[in-house]
Amino acid sequence: MPSINSPIGARPARFRRARVLIVGCGDVGMRAALALRGRVQLVALTSSPDRVPALRAAGITPLVANLDVPSSLGRLAGIATRVLHLAPPANVEGAAWWRDARTAALARALRLRSLPDALVYGSTSGVYGDCAGALVSETRAASPHTPRAHRRVDAERSVRWLGRAGVAVRILRIPGIYAPDREGGTPRERLRKGTPVLRSEDDVYTNHIHADDLARACVVALWRGGTQRVFNASDDSDIKMGDYFDLAADLYGLPRPRRITREDAKAELPLSLLSFMAESRRLDNTRMKRELRVRLQHPTVTTGLQSPAG
């Protein structure tokens with residue numbers, strides 16, 4: 001049986017089928033794979049041999065390699081006609097704190113042989129920075145405020161480099177992901193811990209998307225949408241963070257969280273949480289719904305929350 005990378009002669013029919021490589025096949029990647037199963041060949045990059053049986057059981061061909069070890073990525077060249085890249089950047093310190101070496105290594109590996117037709121990259125809405133509650137479209141310039149967001153901007157540059165080489169690149173800027181069947185996918189545990197939220201006058205807008213809606217957007221973007229396009233992959237909610245947690249507390253039958261000032265928050269809350277409370281924006285998802293024609297099954301955050309009664 002010839003390799004699917006073989007440059008010699010015509011490939012057998014089974015290898016002419018669309019092949020999708022999923023890089024970062026976690027919760028959302030597995031949901032996307034489920035939607036694609038039976039329609040395309042599925043390959044997933046994993047750095048953990050322990051995940052191989054689970055991937056095979058899901059109908060996915062596992063490829064063991066590590067984005068942090070570029071020399072292990074040679075097998076990715078020419079392996080797929082379409083790529084879904086959901087792997088996050090590594091936490092980096094030192095002079096290169098703003099770089100996403102993982103995406104750069106992936107881009108270099110994909111360029112070694114025939115390029116994929118399309119690549120979808122899952123970025124973050126954090127690249128916009130603080131927008132003071134403004135409605136944000138994809139034409140707004142990136143203004144990252146955190147090291148994590150800077151690394152995502154660097155990753156976007158790397159995949160745009162592939163776009164200039166002829167790949168149909170589409171970038172999804174993703175806010176908070178929720179789903180009752182996702183680890184940490186609801187605010188229930190945070191409410192049980194009694195973590196406070198900002199008072200109304202200090203509060204910020206927050207954005208969300210259900211994991212199933214995001215997986216569907218990822219799948220559609222592999223085939224649909226303009227090249228070198230950015231899409232805000234967000235649902236239709238328009239809500240401040242404190243109001244969101246109040247709503248969740250009411251649905252769960254739990255006490256509403258305390259409201260505190262921004263100054264008190266700096267003293268009480270960890271930096272990782274404060275970073276989310278320092279940025280306020282409302283994502284305009286018009287382009288996603290118009291160009292990708294993604295129909296949201298979970299148009300507001302309330303459908304992602306479940307009360308104890310179900």
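Trainee: Which elements do the buried residues of H4 pack against?
Mentor: Bear in mind that this is a predicted model. In H4, the buried residues are Arg102, Thr103, Ala104, Ala105, Leu106, Ala107, Ala109 and Leu110. That is 8 of the 10 residues, so H4 is largely enclosed by the rest of the structure. The elements they pack against are S1, S4, S5 and H5.

Trainee: At what angle do H4 and H5 pack?
Mentor: H4 covers residues 101–110 and H5 covers residues 147–164, and their axes are 9 Å apart. Angles under 35 degrees count as roughly parallel. H4 is roughly parallel to H5, as the packing angle is about 10 degrees.

Trainee: How many nonpolar, polar and charged residues does the contact of H4 with H5 have?
Mentor: On the H4 side, the contact is made by Thr103, Ala104, Ala107, Arg108 and Leu110. H5 brings Ala155, Ser158, Val159, Trp161 and Leu162. Sorted by class, that gives 7 nonpolar, 2 polar and 1 charged.

Trainee: Which element gives the most to the largest nonpolar core?
Mentor: That core has 33 residues, and Leu42, Ile60, Leu84, Leu172, Leu214, Met288 and Leu292 touch the most other members. Elements giving two or more residues include strand S1 (19–23), strand S2 (41–46), strand S7 (168–174) and helix H11 (286–292). Helices H2 (27–36) and H7 (211–221) are also among them. The top contributor, with 7 residues, is H7.

Trainee: How many residues are in the second, separate core?
Mentor: Val23, Val83, Ala105 and Leu283 are included in it. Ala105 is also one of the buried residues in H4. The count for this second core is 31 residues.

Trainee: Which residues does Leu172 touch, not counting those up to four places away in sequence?
Mentor: Leu172 is one of the residues touching the most other members of the largest core. Among its contacts are Val120, Tyr121, Gly122, Ser123 and Thr124.

Trainee: How far apart in space are Val120 and Ile171?
Mentor: Along the sequence, Val120 and Ile171 are 51 residues apart. From C-alpha to C-alpha, the separation in space is 5.8 Å.

Trainee: What about Gly176: which residues is it in contact with, leaving aside neighbours within four places in sequence?
Mentor: Gly176 is in strand S8 and counts as partly exposed at 33% relative accessibility. Its C-alpha is 8.8 Å from that of Ser125, 51 residues away along the chain. The contacts you asked for are Asn207, His208 and Ile209.

Trainee: Which elements do the buried residues of H2 pack against?
Mentor: The buried residues of H2 are Val28, Gly29, Arg31, Ala32, Ala33 and Leu36. H2 is followed by Gly38, which has a positive phi near 90 degrees. The packing partners of those buried residues are S1, S2, strand S4 (82–85), strand S8 (176–178), strand S11 (208–210) and H7.

Trainee: How many disulfides are there?
Mentor: A pair of cysteine sulfur atoms has to be within 2.5 Å to count. For Cys25, the nearest cysteine sulfur is that of Cys218, 11 Å away. Cys25 is buried at 3% relative accessibility, and Cys131 is buried at 4%. The disulfide count comes to 0.

Trainee: Where is Ala132 found?
Mentor: Most residues other than glycine have a negative phi. Ala132 is not a glycine, yet its phi is positive, about 55 degrees. It counts as exposed at 68% relative accessibility. Its location is the loop between S5 and strand S6 (135–136).

Trainee: And Arg293, buried or exposed?
Mentor: Arg293 also isn't a glycine and has a positive phi of about 55 degrees. It lies in the segment after H11. With a relative accessibility of 54%, Arg293 counts as exposed.

Key
Residues are numbered from 1 along each chain as its sequence is written. This is a predicted model: local features need pLDDT of at least 70, side-chain atom pairs count only at pLDDT 80 or more; totals for chains, interfaces and linings use all residues. Side-chain values use heavy atoms; hydrogens and water are left out. Axes are lines fitted to C-alpha atoms, for helices over the stretch in contact, and angles run from 0 to 180 degrees between N-to-C directions. Helices (H or I, at least four residues) and strands (E, at least two) are DSSP runs, numbered from the N terminus. Angles under 35 degrees count as roughly parallel, over 145 as roughly antiparallel, 65 to 115 as roughly perpendicular and the rest as oblique. Contact means heavy atoms within 4.5 Å. Ala, Val, Leu, Ile, Met, Phe, Trp, Tyr, Cys and Pro count as nonpolar, Asp, Glu, Lys and Arg as charged, and the others, Gly among them, as polar. Buried means under 20% relative accessible area, exposed over 50%, partly exposed in between (1.4 Å probe, protein chains only). A nonpolar core is a set of buried Ala, Val, Leu, Ile, Met, Phe, Trp, Tyr and Cys residues joined through side-chain atoms within 4.5 Å.
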